[in-house]
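Thanks for coming, everyone. Please look at the structure on the screen, and I will walk you through it.

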There are 2 protein chains.
Amino acid sequence: MKQTKVTLGDVARVAGVSRATVSLVVRKSPLVADRTREKVEQVMADLDYVRDIGAARLRNNSSRTIGVIVPNLVNSFFTEFLSGVEQMMGDDDRVVLLANSHDDPVRQSQILQRFRGHGVDGVILCPAEGTDPELPLRMQQWGLPLVQSLREVGDKVTDYAGADYIKGVQLAVRHLVESGHRRIAFLSVFARTSAWAERMEGFNRAITETGAEDAGIVEAELSWEGAARSASELLKLETSPSAVLCFNDVLAAGLMLGLRRAGHEPGRDIAVVGLDDLPLAELTYPLLTSVAMIPEEIGAAAARLLARRLLKPDAEVERSIVAPSLMIRDSSAYHAG
Amino acid sequence: MKQTKVTLGDVARVAGVSRATVSLVVRKSPLVADRTREKVEQVMADLDYVRDIGAARLRNNSSRTIGVIVPNLVNSFFTEFLSGVEQMMGDDDRVVLLANSHDDPVRQSQILQRFRGHGVDGVILCPAEGTDPELPLRMQQWGLPLVQSLREVGDKVTDYAGADYIKGVQLAVRHLVESGHRRIAFLSVFARTSAWAERMEGFNRAITETGAEDAGIVEAELSWEGAARSASELLKLETSPSAVLCFNDVLAAGLMLGLRRAGHEPGRDIAVVGLDDLPLAELTYPLLTSVAMIPEEIGAAAARLLARRLLKPDAEVERSIVAPSLMIRDSSAYHAG
DNA sequence: TGCGCAATTTAGATCGTTCTAAATAGAGGA
DNA sequence: TCCTCTATTTAGAACGATCTAAATTGCGCA
């Protein structure tokens, strides 16, 4: 049933050369004569030879495999990110080991151990909430190249690919202010990640810069249901905000739902702005004004950073920050009242 | 910089036993004495030993790695599916190699070759449109266990995990008919996959069964923009359908958008029903009536099937079909007129 | 004390590839 | 013809685990 695998040795025997020569052909070495190469390639095709990358790695330490750890696969932000990584790595003939930490640092370390055992060449990590800031150092000691993305722990000790949320939040707030809004609330999340800190920083800066009023910060669970439930809390704020900026589009969409349930029409009675510009921003009603972060591009950038790091392990640490752009739609209108 | 890796031999030397014994401990064999086991485990912890799974596979042919190929990562149906696979495999201490075929059979074969080279234990495949029906046989010849999921090529020659779209479509149509709709159109897609065939079959059966009128079939590109563009075509049907059943929720959401752009209010002037019940079904306006397929569960089922197949390579072919359930919301109302 | 038997442990070959160091071939020059 | 290069090719030892088959240990009992 299970026929024996075709190995280098088989190819060598049939082609009448040594294993070493076939190995050179496989790796496209210029050392081998054209006639020999052609012959060997012919035999490889005839026998349907597939090089065993695991065995190769044992000798030369490159598995052409990288690991990616994301905190969830539900938010399409992460899956688009993943798509970017996978695309770029595939073009480079590398393969992606995927894992989901569920935002749990313990699970995350288990995954890293597994990845180590599989001999991945490097890791792209969006660190789980509560990740030990020492993790990057530990990984350095393991000799495991690391690129952080979307979130970051430690003090800029690794390569990093992300979006400029400070700028992104500023764009959103400026737009609201320019549309006439003065009292702006922020619908945030419980999780204390660098992604959270960055948005908070952006919000505070933007409020100062524009002279608008910080109408209060409400925290919700990171799901549309959580956001919908928080609508009442937002409506109860004694500042009665005329606009709510949301941590991301999932929250924004959920909030619009909750507002409508509470009898307030988003985009008319109260403005809602999201962050990330997920595809769903164009499917909600009213269409959601959001700040595009292009996660696919961030993923591709992370992949590029890792590829570079693998090539030059001692290169200087680099950061790749994708610029945000505001997508004005219908949810952010201002109606005096 | 890169310190040498800790190997079985290192552990053996420090613990004062042979490599073979350490190997037995690693594999939790009952053959080894308790005292020895404890000692070895202590040393493994002290030295931070990580077993090299690639090297192990070379000898025993199990990489504890499986490959998953999906046709895209944008539709959240596939990412939830993926999430189910990853979850189940992770619990089983296996790792997932992820790849995106972009619905291109050529790319798909390249990926399969890569997977072969990496020595995956098996593959979960959602075949790209236009996949050669012989593929499963070829993979069998390679000795590469295969579970198909969500789509299928060949004549039920492999294990398969999917949803019952025939039943799902029937549920949707019956619901529409019971609500008073008589003229029902179907918004389909260009791609001719088994997933397409199944829905068509379901639609035809349901029309016959309920005695409703097949108001026409319109095909669109599989994206919300494509669906939005197709709205005018649907509105031009001389049957003037009172309800449109859509291939999936992405199309349904896009269609609602297109209808509104054309001045028709979905859920009032014309009913819209989706399939899959993606999270976005609860974020659209009006809330989208849809048929839940629980992709995460399908993914888990696919993983279970593959695990079983790896355990018993000669077991009979098995199919695991998740039952659909109708989620009635606001988009499917009937307003006489 | 010596033997049989089960419980542990182990030496050494092996998986498929790459690397090192050296061998061989071929071409041109003296 | 013989020698020196350069261009190709190769034998054999790695890599880190597992497997096989055999060796060792220890215990109970005659």
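**A walk through the model**

Let me start at a loop. In chain B, B:P286 sits in the loop between strand 9 (271-276) and strand 10 (289-292). The peptide bond from B:Y285 to B:P286 is cis, with omega about -5 degrees. Keep in mind that this is a predicted model.

Now chain A. Here too a cis peptide bond links A:Y285 and A:P286, and omega is about -5 degrees. A:P286 belongs to the loop between strand 9 and strand 10 of chain A. Why point these bonds out? Because most peptide bonds are trans.

A:D277 is not a glycine, yet its phi is positive, about 50 degrees. Is A:D277 buried or exposed? It counts as buried, because 25 C-beta neighbours lie inside 10 Å. A:E282 is also in the loop between strand 9 (271-273) and strand 10 (290-292) of chain A. A:E282 has 18 C-beta neighbours inside 10 Å, so it counts as partly exposed.

One more positive phi. A:D48, again not a glycine, has a phi of about 60 degrees. Find A:D48 in the loop between helix 3 (34-47) and helix 4 of chain A. With 12 C-beta neighbours inside 10 Å, A:D48 counts as exposed.

Next, chain A as a whole. It has twelve helices and twelve strands. Its C-alpha trace spans about 85 × 40 × 35 Å along the principal axes. The radius of gyration of chain A is 25 Å, while a compact globule of 337 residues would have one near 20 Å. Of those 337 residues, 50% count as buried. Take the contacts in chain A with a separation of 6 or more: 74% of them come from residues 24 or more positions apart.

Let us go inside. Strand 3 (residues 122-125) and strand 4 of chain A run parallel, joined by three bridges. A:V123 faces A:L146 in strand 4. Strand 4 (residues 146-149) is covered on both faces. A:L146 and A:Q148 are buried on one side, and A:V147 and A:S149 are buried on the other.

Now look at A:L251, in helix 11 of chain A. It counts as buried, with 28 C-beta neighbours inside 10 Å. Which residues does A:L251 touch, leaving out those up to four places away in sequence? They are A:L187, A:A220, A:A227 and A:C246. For a sense of distance, A:L251 and A:E282 are 31 residues apart in sequence and 15 Å apart in space, C-alpha to C-alpha. A:W196 is 55 residues from A:L251 along the chain, and their C-alpha atoms are separated by 14 Å.

On to the pair. A rotation of 180 degrees, with 0.0 Å of shift along its axis, puts chain A on chain B with an RMSD of 0.1 Å. That is how a two-fold axis relates two copies. How many residues does each chain bring to the contact? Chain A brings 40 residues and chain B brings 40 residues. On the chain A side, helix 4, helix 5 (76-91), strand 2 (95-100), helix 6 (105-117) and helix 11 (249-261) each give at least two residues. That side has 18 nonpolar, 15 polar and seven charged residues. The copies meet through the same surface, because 100% of the interface residues of chain A are also interface residues in chain B.

Strand 2 crosses the contact. Strand 2 of chain A pairs with strand 2 (residues 95-100) of chain B, antiparallel, over three bridges. A:L97 has B:L97 as its bridge partner.

Last, the DNA. Around DNA strand C there are 28 residues, and the closest are A:T7, A:L8, A:A56, A:R59 and B:S18. Helix 4 of chain A gives the most to this surface, five residues. The surface near DNA strand C has 13 nonpolar, seven polar and eight charged residues.

DNA strand D has 27 residues around it, and A:S18, B:T7, B:L8, B:S23 and B:R59 come nearest. Which helix has the largest share of the surface near DNA strand D? Helix 4 of chain B, with five residues. By class, the surface near DNA strand D has 13 nonpolar, six polar and eight charged residues.

How values were computed
Residues are numbered from 1 along each chain as its sequence is written. Chains are lettered from A and ligands numbered from 1 in the order in which they are written. This is a predicted model: local features need pLDDT of at least 70, side-chain atom pairs count only at pLDDT 80 or more; totals for chains, interfaces and linings use all residues. Copies are superposed by least squares on the C-alpha atoms of residues with pLDDT of at least 70 in both. Two residues are in contact if their C-beta atoms, placed from the backbone, lie within 7 Å. A residue is near a molecule or strand if its C-beta atom, placed from the backbone, lies within 6 Å of it. Helices (H or I, at least four residues) and strands (E, at least two) are DSSP runs, numbered from the N terminus. Ala, Val, Leu, Ile, Met, Phe, Trp, Tyr, Cys and Pro count as nonpolar, Asp, Glu, Lys and Arg as charged, and the others, Gly among them, as polar. Two strands pair if DSSP finds at least two bridges between them. A residue is buried if 20 or more other C-beta atoms lie within 10 Å of its own, exposed if 12 or fewer, and partly exposed in between; C-beta atoms are placed from the backbone. The radius of gyration is taken over C-alpha atoms; the globule rule is 2.2 Å times the number of residues to the power 0.38.
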